[in-house]
Structures are given as structure tokens and as C-alpha cells.
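User: I would like to learn how to read salt bridges, surface patches and overall dimensions in a model of this kind. Could we work through them one feature at a time?

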Amino acid sequence: MLLRLSLAQTDLADMEIDHYLTLGGGLDALSEKDYALVLLDLSLPDSRGFETLERLLGRFPMANVIVMTGLGDDHLGLEAVRLGAQDFAVKGSLDPNQLAKMLRYTIERGRSRARMREMQSLAHIGNWELHLPTRQWSASEECFRILGLKREKAWLIWDEALPAYPVLQCINDTFETVLEQGACDLNTSFDLPDGTKRYIYIRCKSALDLFGEQVISGIIQDVTEEREGEELRKVHEVAQRSNRLKEQFVASISHEMRTPMNAILGMSNLLASTEMNGEQRSYVDSIRQSSEILLGVINDILEIASIQNGKIHFERQAFHLPELLDHMVQAMQYKTKEKDLVVEWVKPGQALHPWLWGDKLRLNQVLFNLVGNAVKFTDRGSVRVHLQIKASTDQRLKLRFNVVDTGIGIPADQLDAIFDTFTRVRTKDRIFEGTGLGLSIVKNLVELQGGSVGVDSVLGEGSTFWFEMEFELAESQETSGPVISSPSAPADRPLRILLAEDHKMNQLVARKTLERQYPNLHLDIADHGEMAVEFLQQYSYDLVLMDIQMPVMDGFETTRYIRANVAGPEQLPVLAMTAHANIEKDEQFHTSGFNGFVLKPFEQKQLFAMIDQFTPVKPS
Ligand code: ADP
């Protein structure tokens, strides 16, 4: 009654007071409703002394409690504050003004405690305190969370808690140092019940409490995220480094593989053009086919490596789409030789603007992969590329290419994975060559250009692989490109070529290949760059074919030297011959003064086209 009266006299507006006679009643009320404040008498019919406070704070750690004590029980009040009460008031001696002030301050402190709690949970930092005289250990909610413990009591008696909760050992480990040196830092970790690791940082020091007694107070910080971030960063670094190594490895291995492939392919091409009986010819054909497959594999691996390393660049050139499709279909014919298969492309319903801007070679590569697969997995029926115009403006065109086959089809449960690297559908009765890289390359090439790919298939009936891409419309262009026909070099004087190449086998392949094409050839061969320079100082040539990797003086160096020091070299065409597939991306290639390059193993047609382009017929 007295309290109600006192409260009524304060200037606290809109106050609502609920009164309970027992702790049980109070606890029930607290679980139902939010109270700004609890005025708690320590002596209640169902609970006496500090246990009353302990039970209340155990269940409601954030409750704002003012303890009411009897006259002359000041020391109890102080003790209660140490144990978590916000303040204490002596019953019967309450002046309304003082009371109002106490309530306001307590409520305000409650707010800052809530802010503190929020801050702790955001920063993953908890705090705790060990009262040495009584061995009572109290800790914030965040501290309990970090330790993976449930807070059930307002405080724990340390020597009882330690055996019950082994995780507390990490805090216990700091005590000795604190007592000796006044402070302690510790980085450690423990396993949570679910098996994950929690990394923590503990910092504590000895301090004095309200009563001048010695306490140890400390903070505990959950640094798991930081540690894991650090670990991830390390893993990422290692991955990046190994990626770089892989890249170098792949580049050099593929180079090493391409060089002898050049000899194998070149030699078997030469062999194929000699007189042979049927059996011999079939052996040579097998060698050629296998070499081509192997070369395809090497190229795929190189391609996927550069895609994965983000090293892929797209060209922008105008191209004639129907022409590209015609060539593609033509080139596919030889793969269908032994099969009863129609391969063709089908125009879209609407008129198609034939000239487009885009990366013609990449588009070709995508089509070759998809149509090549379709032919590979179809024994009879047809492989058709249906063109569909999905959208068009006067500047842009969105095209869909449907590659439809009547082949073996793909099981539904494999469709999702089909575009992943190294996926191949296993079939018992058929063995197909391939690496499982083709579709992954297709997907990457299309998506990197902003397009999309997909597949529909019915097992045993056929598959439709499709992709959609946008193109800008291009003006009509002159149909360009040298047509490879008969030798275009002047017939009335020799065509003089200097070949700089250290590999004997490749020298022979080049010589034989060139001699066959150019009956009026005069070929000099230099084993290395220095020798090439010597030749150039003595004789004049129509063209130089320059290997890049050579002893003594490599191709880059030699070409730079020629451009700088050999008289009248400006017009002299120098073509790089290299097994280095990414030559175009090599800075040195561009700065050394080459006119172009031929990739090894060279395609005969391509080599001749390059030579013809740079040795136009000269008036005699
Ligand atoms: P691979 O070089 O082995 O052909 P791809 O990535 O091009 O690799 O193809 C992966 C797999 O997808 C093939 O091994 C084959 O099992 C299946 N596949 C691709 N295209 C077709 C198709 N048109 N019909 C049936 N199966 C196909």
C-alpha cells in the first residue's frame, strides 16, 4: 500500500502496477508481459533471500530489478546489486521524489543494457566476471551463446560449473596468468556439439568491483567467421596459384604435344599422297584420323583451360551467316560418309539478314561441336540445324539455332549434367571417342557472349541441342578471303622462301608440303634464328616462315632483329609458325613485327592461303 501511495505521488506518467504476493506469481506474470521494472522483495512466502533474485534473473536475465530490503539490511541490497539487481530500496523509507528518480534511472539503465546486449550479439563479443571471494561467475547472454551453453541461472559457482561444462576450461586457462600478471590474452578453439569448430579470443584482467574486492573480468569474442574467412582466403590463394601453374603446365604440355603432332599429321598427309596398296592406305588413314582426334582433344583441353582462366576474348567481325552454315554442312559431309544421314541447315520462316557482327570462329566452333556430336550419335536419319528468328529490330537480331538429330538420345536423368565438364553418357554397347569437354566449351562460349544453351531429348528418338544468341546487323561486305587454287606465285621465277625451324622432322614436313604445292619453290632452311639472319644478309626472299621456339635466337628475337637491322626488310613478309595456340594473345607476337602466323600442326590449305596472301603475283 505504502509503495503504491509513494508511486502515485511521483510524476511518472501512465504507470501500470501489477502486484503479486509470491515469486511464482511474479514469474508467471513476467513470462506473459513486458515489464519496465520489477520491484522485488527478497522475502516472499515461496522464496527467501538471494535465491529469490537468483531464480528471477535465471529465468529473465534482462529483467530490471530493484530489490526491496528491510530497514538496516543495506549490505543485502549492495550484495543484490553485485549479483545483478539494478538498485535497492529500503522499505518504508521511500521519499516519492527519490523513488521516481530511482525508477527513471533504472529504466534508462535497462535501455542501455538492451543496447549493450544488441551490440554484443552484433559484434560477437560477450563479457563475464568472476567474483573471487564467492567464486560466483556471471556472464552476458552473448558469452553463453559463444560458449554454446544455455543460460539457466543468473550466476554459476565456478568450481561446480567447471566439471559440469568442460567448455569453460578455456576461460579457466587464463586465470593463472591473470593472477600472476594482472591480464591475459588467449586465442583458442573448441568443438561445438554439432562437430563444428568455434574459434575464440579471450582477454581478461583482474579488477576491483563495487566493494573493492578483487574480481577477474573478461571478454570473449567469437572469431570463427574471421578465421574461416582467413582460411578461405588462404585456400583461394593456393587455388589461384595452382591455377596459374596448371595454366602454364597445360600451355607447355599442349605445345609439346602439338609439335610432334605436326610431324605425325604432316608425314601421314605426305604418305597418303604416295603410291600405296589398299591395306597400306587404310593404315595411313587410321593414323591420320587418330591424329586428328588427338589434336582435337589437345585443342579442347587448351580451350577449357583458357575459359576457366578467363582468358578468352571474342572478336567482332562481319560475317555472312548462310555462307558459314553452308561451309559447316559441307565440312560435316566427310564425317557422314559411312552413314545414311542427311545433314543440312534450314532457313527461318522470315527473311534473314545475312550479314551479322560477331565472332565468326567461335560461332563456327559452337556449331561444329553440336553438329559434330549429333552426327556422332546418329546412325541414320538426319541432323538438321533449324534457324529461328526470336526477335529482331533494324539493328539487332536474336537467333535460335536448333540442332535436331534422330540419334540415340540422352536419358532424362543425365540431361542436367550434360553441359558439365567431363560428362559422358555411358552406354554399354557403344564406345565413342571424346573427352566430355565439347558441350562445356559450347556452353561457356555461348554464355560468355550473353546467350543461352539447352537440350531436349527423348531416349532412342533423338536430341535437340539449341542455343540462342544476339547479333548486331552488319552492312553487306565484299566477299573476301583468298581462294586457294593453283600456285599463285610467279611461274617464271622461283618462289623464294626461308624457313627457320630447328626440328628436323618439321623441316622435312614443311619442305615436302611446300614442294608439292609450289613446283617453282626455292627453299632455304635455317636451324635457328642466327642462321636465318645470315641467310637474309646474303639472299633475298619472298617470304620467311619463322618458328618461335628455337635455340640460339628465338623467333621473336630474330624477327625483331630482321626488322631493325636487315636492309630493305619492311616489305619482307615474316609468318610465325608456332604450336603455341594462344600466340595472338602474346604481346611479343604483336611487337616483334610478324605479318601473321600459321598454327602447327598446320592445315595445308591454311598454310598455302597465308603464303599466297603475302606473295602476290609480281609482274615479271
Ligand atoms: P564428347 O567430347 O565426349 O562428345 P561432349 O561434352 O560434347 O563430349 O558431350 C558429352 C556427352 O553428351 C557425350 O559423351 C554424349 O554421351 C552426350 N551427347 C552429346 N551430344 C549428344 C547427342 N546429339 N546425342 C546423344 N548424346 C549426346
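User: Which side chains meet E468 or K390 in a salt bridge, and at what N to O distance?

Analyst: A salt bridge is assigned when a side-chain nitrogen of Lys or Arg lies within 4 Å of a carboxyl oxygen of Asp or Glu. In this predicted model, the side chains of E468 and K390 meet each other in such a pair, with 3.9 Å from N to O.

User: Where do E468 and K390 lie, and how many residues apart are they in sequence?

Analyst: The pair ties together parts that are 78 residues apart in sequence, because E468 belongs to strand 16 (residues 462–473) and K390 to strand 13 (residues 380–392).

User: Is E468 buried or exposed?

Analyst: Buried means under 20% relative accessible area. E468 has 10% relative accessibility and therefore counts as buried.

User: Which residues do salt bridges with shared partners join into one network?

Analyst: Salt bridges can be read as a network where they share partners; here E142, R145, R198 and D222 are joined in this way. The structure holds 28 salt bridges.

User: Which residue forms a salt bridge with R82, and how far apart are the closest N and O atoms?

Analyst: The partner of R82 is E79, and their closest N and O atoms are 2.7 Å apart. Both residues lie in helix 4 (residues 74–82), with a spacing of three residues, about one turn of the helix. R82 has a relative accessible area of 16%, so R82 is buried, whereas E79, at 23% relative accessibility, counts as partly exposed.

User: What does K33 pair with, and which parts of the chain does that pair link?

Analyst: The side chain of K33 meets that of E16 in a salt bridge of 3.2 Å, N to O. This pair links distant parts of the chain, 17 residues apart: K33 is in the loop between helix 2 (23–32) and strand 1 (38–41), and E16 is in the loop between helix 1 (2–9) and helix 2. K33, at 37% relative accessibility, counts as partly exposed. E16 is exposed, with a relative accessible area of 62%.

User: Let us turn to surface patches. Which residues gather in a patch of negative charge?

Analyst: For patches, like charges are joined within 9 Å, and the residues taken have over 30% relative accessible area and no salt bridge. The negative patch on the surface brings together E225, E226, E228, E230 and E231. Of these, E226 lies in helix 9 (residues 224–272); at 46% relative accessibility, E226 counts as partly exposed.

User: Which residues form a nonpolar patch on the surface, and what is their accessible area together?

Analyst: L78, L210 and F211 form that patch, and together they have about 270 Å² of accessible area. L78 is found in helix 4 and, with 34% relative accessibility, counts as partly exposed.

User: Finally, what is the radius of gyration of the protein chain, and what value would a compact globule have?

Analyst: The protein chain has a radius of gyration of 42 Å, whereas a compact globule of 620 residues would have one near 25 Å. Along the principal axes, the C-alpha atoms fill a box of roughly 130 × 60 × 50 Å. The chain contains 18 helices and 21 strands, and buried residues make up 42% of its 620 residues.

Methods:
Residues numbered from 1 in each chain as written. Predicted model: local features only at pLDDT ≥ 70, side-chain atom pairs only at ≥ 80, totals over all residues. Heavy atoms only, no water. Patch = residues over 30% accessible without salt bridge, like charges linked within 9 Å, V, L, I, M, F, W, Y side chains within 5 Å. Areas by Shrake-Rupley, 256 points an atom, 1.4 Å probe, with all protein chains shown as cover. Lys, Arg positive; Asp, Glu negative; His and termini not counted. Charge placed at Lys NZ, Arg CZ, Asp CG, Glu CD. Helix = DSSP H or I, 4+ residues; strand = E, 2+ residues; numbered from the N terminus. Buried < 20%, exposed > 50% of the residue type's maximum accessible area, 1.4 Å probe, protein only. Rg over C-alpha atoms; globule rule 2.2 N^0.38 Å.
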